[in-house]
Each structure stands twice: as C-alpha cells, then as structure tokens.
Amino acid sequence: MADAVAPSGNPVLSPSGLPYGLPDFASLTDDHYLPAYDAAFAEHLAEVDAIASDPEPATFGNTVEALELAGRSLARANGIFFNVEGPDSNPRRAEIAQRLAVRLTEHGNAIAMNADLFARIRSVYEQRDALGLSQAQLRLTEQRYRDAVRAGAALDDDGQALMREWSGRLATLTTEFGQHLLDETNASAVFAADIEELDGLSAGEIAAASRAAQAQGHTDGYLITLELPTSQASVAKLTRSDVRRRVFEASMNRCARGGEHDTREMIREIVELRARRARLLGYVDHAAYVIDEETAPDPQAAADLLAELGASAMAVGRSEIERLAAHAGTELQPWDVTFALAADQRSGAAESSAHIPDISEFESYCELESVLADGVFAAANTLYGLSFTERTDLVGYHPDVRIWEVFSGDRGIGLFLGDFYARPSKRGGAWMNNIVDQSRALDAAPIIVNVANLTKPEPGEACLLTIDQLMTIFHEFGHALHGLLSDVDYPSQSGTSVPRDFVEFPSQVNEMWALHPEVVAGYATHHRTGEPAPAALVDAVRAATDTDTAHSTVEYLAAAALDLAWHRLDPEEVPTDVLAFEEKALSEAGLASSLIPPRYRTTYFNHVFGGGYSSAYYSYIWSEVLDAETEQWFLAGGGLDRDLGRQFVDSVLSVGDSVDQVDAHARMLGHRARIEPLLTRLGLATTGA
C-alpha cells in the first residue's frame, strides 16, 4: 500500500474551488480516504465535546442546532467516499468500506452515548413546546432526541456496552453482505460458447456479452451477466429454454451454493443481532423498532396491506399463468414465465382479434440521449421550470459519469451526475445518492447522483432502453428531483431524508411522465431514421404498462413479506435453515409459488441485509398508495402543468423532513390518500381486494 497522504491539502476535505463544491475527483486517490476520515472524526468529536461541555444552559441554538451543523468534514468525506465505493468498487475501496463501517458506528455510538450531550438534548426536548420553535426546529429537536434514545443513550452502562458491541458487528456484517453479493453475482454469470445460445438478445446485448467474456479472460464465447433481482431481463428474451434455465437458476441460487460468498450464516447472525438490539431498546422485535420511525403505524399495518393485496394478486397470478400456458400450448417452467409474459405483451395475448403492435419495437425509439434531454429533463422543465446544461469541463468519479448544472430560471441550484452504464465494479440495481445535501443554514446547494446499470453500447452505437429501463430512468430522476428541489434549513431534513415508506413516493410519481403524450412526443423518435414512434405503438406500450402484471406484483409482495417475516422473529426463533424458513414464511403469507419467486430471495436481498430497507421493503407499496392517488390528482388538474408542479414542489419535493409529509400531502390532495386507485392500477379492483 502507498504511504498515507497527510490531511493537510487532502482533496477529500479541502475546498475544491469547483462549482457548488464538487469534489476534485481528478486529484483523489484511494490513499486520501482514511487520513481524511481520521481528521474528520477528530474534528467532529471536538465539536461535540464543546457542545456537551458548554457552561450555558441548553438551548435549541447552542445544542440541537449546533449539533446539526457540526461534523461538516465528516459529512463531506461520507458524501465522497460512499458515492465512489458503491458504483466503482475495487479491493482497496472494499477494504476501506469495511474498516469505515465499524469506525463510523463506533463514532456514532461515542456521540449518542455522551451523557452530557444527551442531558442537554433531553433538556431542550422537554422544554420544546415553550421555546417558540418553528415547525422545522421542533421536528429537528424531537428527531435528535429519538435518535439518541434509539442509539442507546438512555440505557445503563451494561446496555450501552451491548449496543456498542452489536451495532459494530452489524455494521461489519451488512457491509460484508453487499461485497459478497457483488462478488457472487459476478461469479455467477452464465457462459455461452455459441452465439446461437443468445438468440433473442439484441446485437448490442450480444456485443456486451462478448466484452464481458473477454474481460473475464475468455478468448471467445459470451458471458450473460446477472442483474440484482431474481427475474433477469435476458430470461425474458432468450428463445432457448435450456439457456433461460441456466440463467434463471444462476440467479436463484446466488449466495446459497456454499463457498466463500455464501451469505446464509451471515443472515442468521444479522437477524439475531437486530432482534436482540430491538429487545434491549424496549421493542418487541426489529420490525417494530424500524417502523416506529415510519409513516405506517406498526408492523401489523404493513403486514395487513401485504395480505390485502397478496390474496388477490395470487389469484390473478394463477389465472395469468394458466392463460400464458394455454397460449404457449405447454406447461410452463419457472424460467419460461417471464419469457411467456414478454411474448404475451408483444402479441397482445391473443385475447383480442385486433392487431396490437410488438411493444418491444419501442426500444428503437428510446435512445438514452433523447430520453434524458427530450424526456426526463424536458418534463422537469415543463413542470418545475428546471433546465440542464452539461458541464463537460467538470470531472466525475469515473470516466462514464456525466455532469449537468441545474438551473431554476436563471439561478443555478445544483449539480446532477448521471452514471448510467454497468461495469463489474458497480453493484447491481439503480439508485440515487447525495454528494452534498441542500441546506440554507450551511449555504449548501445539492449535488445529486443517479446510478443505473444499462448495457454500454459499442462506440458509435445508441444505448436503447427497454420499457423497464425507461421507467427506471424516470423513477431515479424522481429521487434526484427530491434532492435538487429541496429548500430547507437543516441538512438532515433535506430532500430524501424522509421516512423509508415515504421516500419512494416522489420517484414513483415521476414515472407517470415517461409515457405522457407530451413527453413521449419529445423523446420517442427512431434512433436511426428520426421518425416519431407510431401512435399505435405508443398506445400499445401505454396499455401494457397501465396495469402491472400479477407476476410483478406477486414478486414484490413475496419479497416484502420475507423481509417482515425475518424481522418479526425473537432472537431465540432465528432458524438454522435459512431456505427452509424462507419457504415456510412465503407459504404462511400465501405468496408461495414455484412459478413466481420473490423479487429477491433471502440470500441476495441486498435492500434488507446490505442496505437500509430492513423491515421497510413494504415501503414501495405503501408509497404507491400515495402515488396512485397523486397521479389521478395530476391528471384531473390537466397533467403536465406548471401550477400543479409548483403545488407538488411546495407540498412534497421542497420540504423534506421539515414537516409531517403525510399531512402536507393530504392538504395538497384535499384528503388522505385512499387505496382504491392503487387497486385499479394493480388490476385487483374487481377481485374483491
């Protein structure tokens, strides 16, 4: 390892002089990170000690607000490192992430369990109603108190010692889980020696499979790489059932094959430690501990929603598969289902004699550059008055990263980074992150990142998006808008810093514009001829996406049910056999199906065991209740309308966690969101759900 770089002049911590404080990625090396963290930890602890030992009586300003604004160097280091390590890992960064997982946890514990600091926070909290605080200040005070209690500040010495031990171990395990999954996913790629095995894939996908094989040391042949969910896009396209089976089984068996990347023992330990921590803090289980901070009232409410939807979705799913099997003229195997669904969409399911265009042809009209400029950005301009100027003079953390300056009218409000292409160093999936959180108190403008895993085209070729990828680009940009349009005082209340079961709502709303007539007319032109997409094709795509398939609904509900099942266990109930428990949990939830596996099986459920969605994966469907009703609100008011956009910004996108989000949304609608619009969207409204 190279010698460590001294903190003085360290580009992680030093002002870069670049627009909006963009980090100087061109000057960063992996040897800068740990020395920067050493300095940032020490600085933050000194700031906290000064707050805790202040001889003046505790006030909002000298305690809660001072604590909120402390630790800026640490926040900067986190914003840089974890926005590099996730999409562009390497062995050194993985090692640093593992070390930081423990150190960050220990650092957080040292602050949360500082008795003098907690006494001051509690003093402000107990006086909060008499202090004349603004709504944002009151929420911040209450949140800081709850955070401290949930971190163990109110426990005795023995309890705090256990909290330190368990939280440190959990930090190690969850970081290792993500690293094991990345390595296992790369190792599980399916090799095909003959191009005939890839029949059904596009020329670009075949070229990418060839590049992947060469990158893994093969002199010829093709490597079908895996995506994060169970269902693989390639399985929906490959015409040979034997190849589909190989890819499907490689996906299903990840991290459960034995060997160094098997995650089953790790999962058992994570579940047990989470359960013990919850019990120590006075909660019945980990799900209760997590959902206590969400908008759902309790775990049973989340489970009831899953059950309400699950029974109907399974009934519709069985009918859907019976119809697909009849249409195919053969019994379907698990690896045939998504292929049959895709063929069904292309052909119109043979239930109608009317000709329905092959919706897969829509890919030719969904070129990434056009979708971004004339779709995603154009919709944001119409709705919110935003414009985007690409800054080719600025450098991202990887050569594939592109940077745009974002304007509201003539005023620059932040930077948007797009990192769209897959690579072996990038974890699977798509996500949004903040490098810098917006904050008026800190005079900080947001720097927001969207990450995806699209197949990189050959030089000179277009990157064409499937319908699912198109929706993902709009979805993740909805998160980006939540960050870019934030307008709050305090960084911890900025943008997407809201409950997990609310955070997906704005991004789900943004999906509605992907196929809106005004938006489609802007981007949907043929990547070679420039001709607009035929109206009949656009109508067919819209019809196919207006109602989710029962398959996708069951996939999701099964994963959400698994998450809750694991995290409602007592410590003594953690099973020895992970896969047997998974089967039992799905059966008890009424969501067991050999033909429709969960979107994520336990062993590669990164949202839950490597990320921040434990006991909260239900949040996607909980948020979708808000989304479905909001879509109707937009359409009833005229759709892509600037005044409606302003109301949505004022009520949702700008306020972050400075207000009660559900109340603000209800005021915008004029009532609390109801479930009926979601049932209609899911095709369950007539099934008695």
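**Figure 1. Glu631 and Arg681 form a salt bridge.** In this predicted model, the closest N and O atoms of Glu631 and Arg681 are 2.5 Å apart. The pair links distant parts of the chain. Glu631 belongs to helix 22 (residues 619-636). Arg681 belongs to helix 25 (residues 676-681). Arg681 has 15% and counts as buried, because buried means under 20% relative accessible area.

**Figure 2. A network of salt bridges with shared partners.** Asp30, Asp88, Arg93, Asp400, Asp419, Arg423, Lys426 and Lys456 are joined into one network. Arg93 also takes part in the contact of helix 3 with helix 4, where Arg93 is on the helix 4 side. For the model, the salt bridge count comes to 46.

**Figure 3. Arg103 meets Asp38 in a salt bridge.** The contact runs between the two side chains, at 2.8 Å from N to O. Arg103 lies in helix 4, whereas Asp38 lies in helix 1 (residues 33-52). The pair therefore ties together parts that are 65 residues apart in sequence. Arg103 is partly exposed, at a relative accessible area of 27%. Asp38 is partly exposed too, at 40% relative accessibility.

Figure 4. Arg276 counts as partly exposed, with 29% relative accessibility. Glu272 is partly exposed as well, with a relative accessible area of 28%.

**Figure 5. Helix 3 crosses helix 4.** Helix 3 covers residues 72-85 and helix 4 covers residues 91-112. Their axes come within 11 Å and cross at roughly 145°. The crossing is left-handed. Which residues of helix 3 meet helix 4? They are Leu74, Asn78, Phe81, Phe82, Val84 and Glu85. On the helix 4 side are Arg93, Ala94, Ile96, Ala97, Leu100, Leu104 and His107. By class, this contact has nine nonpolar, two polar and two charged residues.

**Figure 6. Thr525 in the loop between helix 17 and helix 18.** Helix 17 spans 517-523 and helix 18 spans 535-546. Thr525 has a relative accessible area of 27%, so Thr525 is partly exposed. What does Thr525 contact, leaving aside its neighbours within four places in sequence? The contacts are Ser364, Tyr365, Ser370, Gly530, Glu531 and Pro532. Trp404 is 121 residues from Thr525 in sequence. In space the two are 23 Å apart, C-alpha to C-alpha.

**Figure 7. The setting of the close-ups: the whole protein chain.** The chain has 25 helices and seven strands. Its radius of gyration is 25 Å, close to the 26 Å that the globule rule gives for 689 residues. The chain is therefore as compact as a globular protein of that length. Along the principal axes, the C-alpha atoms fill a box of roughly 80 × 60 × 60 Å. Of the 689 residues, 57% count as buried. Take the contacts between residues at least 6 apart in sequence: 75% of them join residues at least 24 apart.

Conventions. Residues are numbered from 1 along each chain as its sequence is written. This is a predicted model: local features need pLDDT of at least 70, side-chain atom pairs count only at pLDDT 80 or more; totals for chains, interfaces and linings use all residues. Side-chain values use heavy atoms; hydrogens and water are left out. Axes are lines fitted to C-alpha atoms, for helices over the stretch in contact, and angles run from 0 to 180 degrees between N-to-C directions. Helices (H or I, at least four residues) and strands (E, at least two) are DSSP runs, numbered from the N terminus. A crossing is left-handed if the near helix is turned anticlockwise from the far one by less than a right angle, and right-handed if clockwise. Contact means heavy atoms within 4.5 Å. Ala, Val, Leu, Ile, Met, Phe, Trp, Tyr, Cys and Pro count as nonpolar, Asp, Glu, Lys and Arg as charged, and the others, Gly among them, as polar. A salt bridge is a side-chain nitrogen of Lys or Arg within 4 Å of a carboxyl oxygen of Asp or Glu. Buried means under 20% relative accessible area, exposed over 50%, partly exposed in between (1.4 Å probe, protein chains only). The radius of gyration is taken over C-alpha atoms; the globule rule is 2.2 Å times the number of residues to the power 0.38.
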